[in-house]
Each structure stands twice: as structure tokens, then as C-alpha cells.
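This briefing sets out selected features of the structure shown below. The points are grouped by topic for use alongside the sequence.

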Amino acid sequence: MTTIRDRTAIVGVGASRFSKAPTDTPMRLAAQAFKSALADGGVDRNEVDGLVINIGWPLGVDYDRFAEALGLRIRFADQSWTHGRFVGPTLQHAAMAVATGLARCVACVCGVSFIQERGLLGGPGDFEGTREEGGTHEENPVYGLTAPAAGAALAVQRYFALYGATSAELGAVPIAFRKHAALNPAAIMRSPLTLEDHQSSRFVVEPLHLFDCCLVSDGAAVVLVTTADRARDTAKKPVFIAGMQGMRAGPDEFLFAVPGLGIGQQREFRYTPTEEQLSVYRMARVTQKDVDALYTYDAFSPLVWFVLERFGFCGLGEAAAWTQKGRIELGGELPMNTSGGLLSEAHVSGWNSIVEIVRQLRGECGERQVRGARVMQWATAWGDSTIFHS
Amino acid sequence: MTAYGKPLPRITPDNRPFWDAARCHRLALQRCADCARFRYPPAPVCPACLSDRAEWAAVSGQGAVSTFVVFHQRYFPSFAADIPYNVVQVELDEGPRLTANLIDVPNAEISIGMRVEVIFDDVTSEISLPRFRRAAT
């Protein structure tokens, strides 16, 4: 069987300024990020012949408008359903397009304004919640269940009951990521967060407190993926894509839970990861112990617990205790989301974390640098993963 | 009677029998005519055996809370007066889980595993919503 291992690499990354107030259109932010990614990698605009996007209209920039606005001649374009969860699959499509010769250099573009479209986030404009037989986070507006936060709240409430975990333990997640953001000049939320702050913050959808929920922000990030051969000639140290596995779906799954938790119609069973569940490690020829830092889609803090259990960093029901005492902080056993993530850096739909992985593996992160970083992993509560190495 | 201002279900050919039964204050679910498995939400084939054959069968309306949340943030203006309001998922004794509200129970007393039973709320002349209350002991 052919493998995609080490056949593609990220050669350039760029980002706009991140903000909690509307500054520019998503297109302007995305154009800035794109130009900075070109400059970062020493890549010419005319080399970019692929374009992939996961957050398009009405939150972000669509592929057709971006190609037109930036004068790109694209021969491989792909755009998913407008959802953050597709960040990993979108990056994987870029790598697959490059590895199969459908494109030579693919720009992964995310320019997004959550602020100007705030009414879409769980409000009456959130038409996804009206999907026949329910939304993807269990939305059911008939009963007032209307926001993505509710999906994470339903899952963690059951998790609390099954394993005796608490909201105070969950607080370790946003507190860790806030510490990372404090070391990141680009992060929006940099002031210290205490457990008392977390516990006394208002409930959004109980049991989730305000600080369990990601930022609502504007920003853009761009990642350039090309062949490993081309990458070796570019300006910066290439970051190779060593392994991938796809997003999961089906009767064992609920988007915002570890398999088998029993949310919505999700089958209930005791999950233990099999080799098939974790094929990303086999492809990348590493194990969890080789991962110098783990990055995940932290739209809501329970997702951090669920990804740790899904990928076998700890056992089922153990993540609450496992994430205490600085274990997921810089300097801990497994630093996670070292830029501050969606909870404290910005909500660029996860692409800010992909940019962070690349900068970390190049050794560009200054005060928050993970020393000696060689292998880093992107993985989500819904099961996709990509492993990178320098 | 003031107009009902909250979202209403979208009735489709697939789910119409569910809402027709609810209108008559009966809870009915699809049951595979081949493997007898109940399923929800309504779907054209059985997810277990892919059979096209199904019937709408009355279910007990009895179950247990499998998880729940309490909304504190206002997302829909039409729910503003209800805040803080609960939403529960109920695992019916027949297997499928329904999302609904639990009535007549203070939010602080809701717990996972609590036994509940269905009631029907006639919110419009066309639509009766299944909700749940604590089961009679």
C-alpha cells in the first residue's frame, strides 16, 4: 500500500491580527494572512494552484471569491460545510491533492468573522439547528436547545455523572491555555485566569461556564502545503505531514463526545481505543509517547478531555484527573494548545493551532517554545488526526 | 390565547406520523418490521438491517434522563422569559433517546437516571409537543 507519510510538507504559514472587535472583512484578513504565508515560505503566488477552505459564507471567505480576489489560477479547489470541525479534513485534502499530483502547492485559507455573524451562533439565524431531526450538536430549537455549546454541555454533564468529575477539574483546561496565551503576543486573552474566575463566571449552558467556551473573534490564518521535494528548497525548515486519519461518524459517535458516551442516539459502550481507531500513529511511525505537544479543537473545554481519552493518552474516565497539576501546560508532560487555542488565542477555526504547530516545529516560539520539539499532533474529539514532524 | 412564538417542528413525510400521534397524545416510534428494532429519529430504512419495512408503534413514554443541560444564555428571544430553563435527553425504555424539557421539577433536582414519563403540551392547534415529568411512583 502506498502511504502519504512524509510526501507533503507545510512550507509557509501566515496570520492576520486577531481581535474581539470587528476590524476588517474576512476577505481582507485572509488576503493579509495569505501574503504573509507566501513571504514566510518564500513561495511565489503563481505556484499556488490548489485552494481549500472549511469556513465559507456566511462566516468566512469562499474559494471562488478568494481565487478571484487574489488572482490565483486554481486547479484543485475544495470547500467543506462551514464548520470548524473540518479543519483537519481540509488540511488532509490539501495533502492528498499534493501527494496525488492534483496540485503542487495548496493554500489552506481561513478568514472568518464570527463577530459580524454572531446571530448565527445558536440564535434564530442558526439555520443548522432547524435541520430535520436535529442539528449536528443535538440542536433542537423546538425545546430551546439551540447552540453548539449545548452539545458539549450535554456530553460533559453525563461524563461528570459517570466518572465523578467536576466543573472545577474542567477549569484546569482553560486555565492552562490562558497561561499559554499570556506568552503569545498575538493572543486576544492574555490576563491570568484563576480557578475562582472560572467557577464564578456565568453559566452559558450549564454546566459550561463562560470560560469553558471559546472566543468569538475575527481573524485569518493560511497554511501552504506542497511536496516534500519542493519543501526542501523553501526559505524555512519544512514541517512534514507524517500521518493522518479521518474524521469518524456513525452509531458509535456523537460529535462532542468520546465514542460510546450515549449522547443523542450514540450507542453506549465502554470505549477502549483499538489500533484501527488510532491508525495515525502507525502511519506516522510514532506513539503517543513521541508526541511533544498535542493540539485540539478547543471550542469548549470538555473537548480537550474527550480527545485525550479517544487517542489513548489516558484511560476512559481518567481525563479529569489527568489534566490537573500542569500536565497539559508548557513544561508539563503533554503541553496542549500552546498558543492559547480557541479558548484564549482566537477562534480561527483551529487554523491558528496548525500555524502554531508549524512555528513550534521550526523553533520560532520564543518564550512558549516547546524545547526540542520534533513531533506534534493535531487530533480532535471527533477522531481525525494529523501528525507532523520537523 | 396568544400566538405561540417559539420554533415549531418542521413536519416532513418521514416524521409526520410521529407528530400525528403526538397530536393525539400518543408517543409512537418507528419499529423495523423485519428485525423489530425501534429507531429515532425517523428514517426510511432500518440502520441495523437496512430493511425498508417499518411500522409506527406506540411506546410506553417511560424512560430515564440520560443527560440534561440548563440554558442561562439567551439565544432565541422567544425563550428569554424561560431562562434558566432545562433541556433533557430521555432514554426511553424502548431504547431511542428523545430531547425535550422536564416540567414541574426544579432544575437543581434534575439528575441523570431520574425516571420520567411523557406528557403532551398542545402548543398550537396543530402541534402537541412531547415533554416529560417525574414518573409517578
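**Interface of chain B and chain A**

In this predicted model, 36 residues of chain B are in contact with 34 residues of chain A. The two chains bury about 3,000 Å² between them, and 56% of that area lies on carbon and sulfur atoms. Within the area that chain B buries against chain A, 22% is supplied by Y75(B), F76(B) and R97(B), more than by any other three residues.

- The rule finds one salt bridge across the interface of chain B and chain A.
- This salt bridge pairs the side chains of E268(A) and R97(B), at 3.8 Å from N to O.
- On the side of chain B that touches chain A, the elements giving two or more residues are β4 (62-71), β5 (85-92), β6 (97-100) and β9 (128-134) of chain B.
- Strand β4(B) provides the largest share of that side, with six residues.

**The sheet of chain A**

- Chain A holds an open sheet of nine strands, ordered β3-β2-β4-β7-β1-β8-β11-β10-β9, with mixed pairing.
- At its edges are β3 (76-79) and β9 (293-295) of chain A, each of which pairs on one side only.
- From one strand to the next, the twist averages 25°.
- In general, the strands of a sheet pair through backbone hydrogen bonds, in either a parallel or an antiparallel manner.
- Strands β10 (residues 375-379) and β11 (residues 385-389) of chain A run antiparallel and are joined by five bridges.
- Within this part of the sheet, A379(A) stands opposite S385(A) of β11(A).
- Helix α3 (residues 87-99) of chain A lies across several strands of chain A, including β1 (8-15), β2 (50-53), β4 (105-113) and β8 (239-245).

**Salt bridges within chain A**

- Over all chains, a search of the whole structure finds 26 salt bridges.
- K236(A) and D40(A) form one of these, with their closest N and O atoms 2.6 Å apart.
- Because K236(A) lies in the loop between α8 (228-231) and β8 of chain A, and D40(A) in helix α1 (residues 26-41) of chain A, the pair ties together parts that are 196 residues apart in sequence.
- K236(A) is partly exposed, at a relative accessible area of 30%, whereas D40(A) is buried, at 13%.
- R362(A) forms a salt bridge with E364(A), in which the closest N and O atoms are 3.4 Å apart.
- R362(A) has a relative accessible area of 11% and is therefore buried, while E364(A), at 35%, counts as partly exposed.
- D40(A), K236(A), R362(A) and E364(A) are joined into one network by salt bridges that share partners.
- The side chains of D229(A) and R232(A) also meet in a salt bridge, at 3.3 Å from N to O, and both residues are exposed.

**Helix α7 of chain A**

- S200(A) belongs to helix α7 (residues 195-200) of chain A.
- With a relative accessibility of 58%, against a cut-off of over 50%, S200(A) counts as exposed.
- S200(A) and F211(A) are separated by 11 residues in sequence and by 9.7 Å in space, from C-alpha to C-alpha.

Notes
Residues are numbered from 1 along each chain as its sequence is written. Chains are lettered from A and ligands numbered from 1 in the order in which they are written. This is a predicted model: local features need pLDDT of at least 70, side-chain atom pairs count only at pLDDT 80 or more; totals for chains, interfaces and linings use all residues. Side-chain values use heavy atoms; hydrogens and water are left out. Helices (H or I, at least four residues) and strands (E, at least two) are DSSP runs, numbered from the N terminus. Buried means under 20% relative accessible area, exposed over 50%, partly exposed in between (1.4 Å probe, protein chains only). Two strands pair if DSSP finds at least two bridges between them. Axes are lines fitted to C-alpha atoms, for helices over the stretch in contact, and angles run from 0 to 180 degrees between N-to-C directions. Contact means heavy atoms within 4.5 Å. Buried area is the accessible area (1.4 Å probe) that two parts lose on being put together, summed over both. A salt bridge is a side-chain nitrogen of Lys or Arg within 4 Å of a carboxyl oxygen of Asp or Glu.
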